[in-house]
Amino acid sequence: MAGYALNYLALAARDVEAACRFLGDSLELQRRDVPLEGRTIPFFGVGESAVAIFDFDDPYLEEPRFPGVHHMALGATDPAGTADKHGLTVTEEGIGPDGKRFVTIEPKETVGIRTRFIEPLDIPSADGPAHKIDHLGIATDDNDATVRVFTDNLGCPIDSTQTDVEIRNVTESFISDKYGAIYHSRPPEILGGLRDVFITIGDCELEMLMDYDPTMKPKDQLGEEKGNTKGDQSAIAKFVARRGPGLAHVSFATRDIDALLPKLADDGWRMIDLEGRPGGRGSLIGFVHPSNFGGGLLIHFTEPQVDGGFAAKSFG
Amino acid sequence: MTAPDLAYVALVVDEPEASAAIFEKDFGLLRQNFTCGSLTVPAIAVGRSALALFQPDDPFLGPDAKKGVHHIAIAAADPKAAAEDSGVATVNGPASGLGGRTSIELARDATCGIGVRYTESLGLAPASSGLVERIDHLGVASADNQAAREVFIDKLGCVYESQQTDSEVETISENFTSDTYNYIYHTRPSQLIGSMRVTFITVGDTEFEFIQDLTTNVQADEARHDAAGTTRGDRSAIARYIAARGQGLHHIAFKTPDVKESLAKIKAAGNRTIDTVGRPGSRRALIGFMHPTMIGGVLMHFVQREEI
């Protein structure tokens with residue numbers, strides 16, 4: 001086996017009920033309520049893993065707690081032994097959902113990505129508008145460190161690397177009725193960008209997102225207009241500044257993003273994007289507004305590169 | 001009706017004496033003093049016109065004189081008759097101006113916010129220096145260039161020179177370069193981020209440059225004097241000026257043989273400049289701004305261009 005596979009992803013929401021409606025009703029993911037210490041937690045099977053929705057204050061989630069992607073649990077039949085084998089410090093050992101044994105790894109040793117090993121839970125999944133998790137977005141300021149942990153130590157393979165840049169070109173024109181026309185263009189200006197590394201964990205990837213140039217000031221207003229690379233860079237820079245590096249968003253894979261995004265809007269969800277825009281790895285992506293779930297929880301969709309991916313779609 | 005001649009341009013500055021010294025020493029121009037009421041007003045001959053340097057509280061200017069280019073004075077043998085001929089309303093009747101010359105003021109709200117007076121000629125000899133040939137133009141923050149044409153051409157007899165439209169367009173590209181997946185280059189539609197209509201109307205040996213902001217979809221930027229200017233920045237300056245002070249005379253530009261050299265000389269003499277090299281300006285020119293603190297509150301720039 002190459003590295004470890006994602007068993008479930010813990011999402012922390014202010015509005016658990018809305019998040020469950022989104023995943024269960026709109027994305028048609030299969031739900032199983034899993035027992036945990038006398039209560040149940042809604043799990044939604046997706047591809048070969050699952051998404052669990054917790055109240056953002058749930059005691060199963062270690063501090064600090066805030067709405068968003070809380071932790072990822074990698075499957076391991078012997079959680080404590082696995083941590084020990086890789087020389088990772090365990091901060092908590094316990095019995096989790098479905099009575100499965102788990103360990104929590106010291107987050108400093110996983111570049112802020114809150115990681116657990118757990119005896120694999122079996123959550124059934126069905127095909128639907130979102131057929132698997134495409135990737136987990138990680139805000140980071142050190143891609144190399146994440147590679148040392150997840151690839152060199154845990155053995156998860158690198159899928160690909162890429163650089164995203166947004167450039168402004170400005171042309172000034174002076175068109176006179178006596179002096180003719182003058183055009184001049186200023187040199188291109190880099191507005192912002194990201195360096196990405198994709199590392200495979202089972203049927204999805206960790207997407208490390210590192211600010212291309214931390215001296216570039218992030219944009220103030222986010223989520224008010226459809227997304228772009230400068231906005232993504234700003235979101236990552238702000239996330240790292242506020243919370244430190246760690247899990248930032250989850251992206252579900254879909255086969256037809258231009259059908260899914262408007263459909264979700266019709267279902268009443270506030271959307272940042274209503275059509276797919278260029279994303280990483282030749283894909284099309286589109287974001288859901290975090291306000292749907294009480295804020296903080298960032299979900300988007302990816303239509304992976306197929307038959308040319310982005311190249312197959314023409315933009316006006 | 002003959003085309004009007006420009007007697008002088010009135011600049012309101014913090015210290016007329018200090019400013020006159022800069023024009024004399026750093027620009028190499030000559031000065032001559034005129035009495036005006038109980039005060040002395042230095043005048044600097046430049047081209048076939050002159051700069052008259054007033055202090056802000058000079059009673060000749062009227063109340064609330066702000067620093068900057070205050071008014072222009074058109075030369076007329078009989079100022080009162082010339083004013084009446086124009087059909088534009090006057091204020092206060094004839095008064096005693098520079099060197100006791102008769103002067104009469106037109107109503108600002110009838111002249112697109114521009115202070116206009118008629119005066120008897122100052123009788124100065126034409127003058128220039130290695131740095132300054134003449135006044136190239138007087139920049140006007142305008143809300144309506146068509147209205148300006150109706151006043152200055154149709155009523156005051158000035159001659160139309162040219163009109164141009166300046167625009168700044170930004171085009172944003174996103175570029176995703178992967179080592180495994182498709183290389184993506186994606187360009188968003190271009191956006192107009194600053195636009196002005198600029199109308200030149202001749203007065204004497206210079207032109208009014210009426211600058212009307214046409215930008216509708218972008219907020220004016222904050223003022224900044226720490227970087228070379230742009231059309232977007234210029235447009236923002238005009239929008240801010242009109243919002244704060246209304247329409248009116250905004251800046252003065254001097255024709256120079258070599259804008260870069262002139263900026264360097266001005267800087268070497270201990271003055272501040274905004275630009276250090278010429279950048280594209282109206283009428284196929286290279287322009288370079290001096291800092292408005294240089295002549296206590298007047299925005300000035302150099303213009304280097306071929307005349308057509």
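The model is predicted.

**Helix H4 of chain A**
- H4(A) covers residues 229–243, 15 residues in total.
- From first C-alpha to last, H4(A) reaches 21 Å, close to the 21 Å expected at 1.5 Å a residue.
- Of the 15 residues of H4(A), 11 are buried, so the helix is largely enclosed by the rest of the structure.
- The buried set includes the run from Thr229(A) through Lys230(A), Gly231(A), Asp232(A), Gln233(A), Ser234(A), Ala235(A) and Ile236(A) to Ala237(A).
- Phe239(A) and Val240(A) are buried too.

**What covers the helix**
- From chain A, the cover over the buried residues of H4(A) includes strands E9 (132–140), E10 (158–176), E12 (189–201), E13 (204–211) and E14 (246–253).
- Chain B takes part as well: its strand E10 (159–178) is included in that cover.

**Contact between chains A and B**
- 35 residues of chain A are in contact with 30 residues of chain B.
- On the chain A side, E10 and strand E11 (181–185) each supply at least two residues.
- E10(A) gives the most to that side, with 17 residues.
- The chain A side divides into 11 nonpolar, 17 polar and 7 charged residues.

**Strand pairing across the chains**
- E10(A) pairs with E10(B) in the antiparallel sense, over 15 bridges.
- Glu172(A) has Glu168(B) as its bridge partner in E10(B).

Terms used. Residues are numbered from 1 along each chain as its sequence is written. Chains are lettered from A and ligands numbered from 1 in the order in which they are written. This is a predicted model: local features need pLDDT of at least 70, side-chain atom pairs count only at pLDDT 80 or more; totals for chains, interfaces and linings use all residues. Helices (H or I, at least four residues) and strands (E, at least two) are DSSP runs, numbered from the N terminus. The expected span of a helix is 1.5 Å times one less than its number of residues. A residue is buried if 20 or more other C-beta atoms lie within 10 Å of its own, exposed if 12 or fewer, and partly exposed in between; C-beta atoms are placed from the backbone. Two residues are in contact if their C-beta atoms, placed from the backbone, lie within 7 Å. Ala, Val, Leu, Ile, Met, Phe, Trp, Tyr, Cys and Pro count as nonpolar, Asp, Glu, Lys and Arg as charged, and the others, Gly among them, as polar. Two strands pair if DSSP finds at least two bridges between them.
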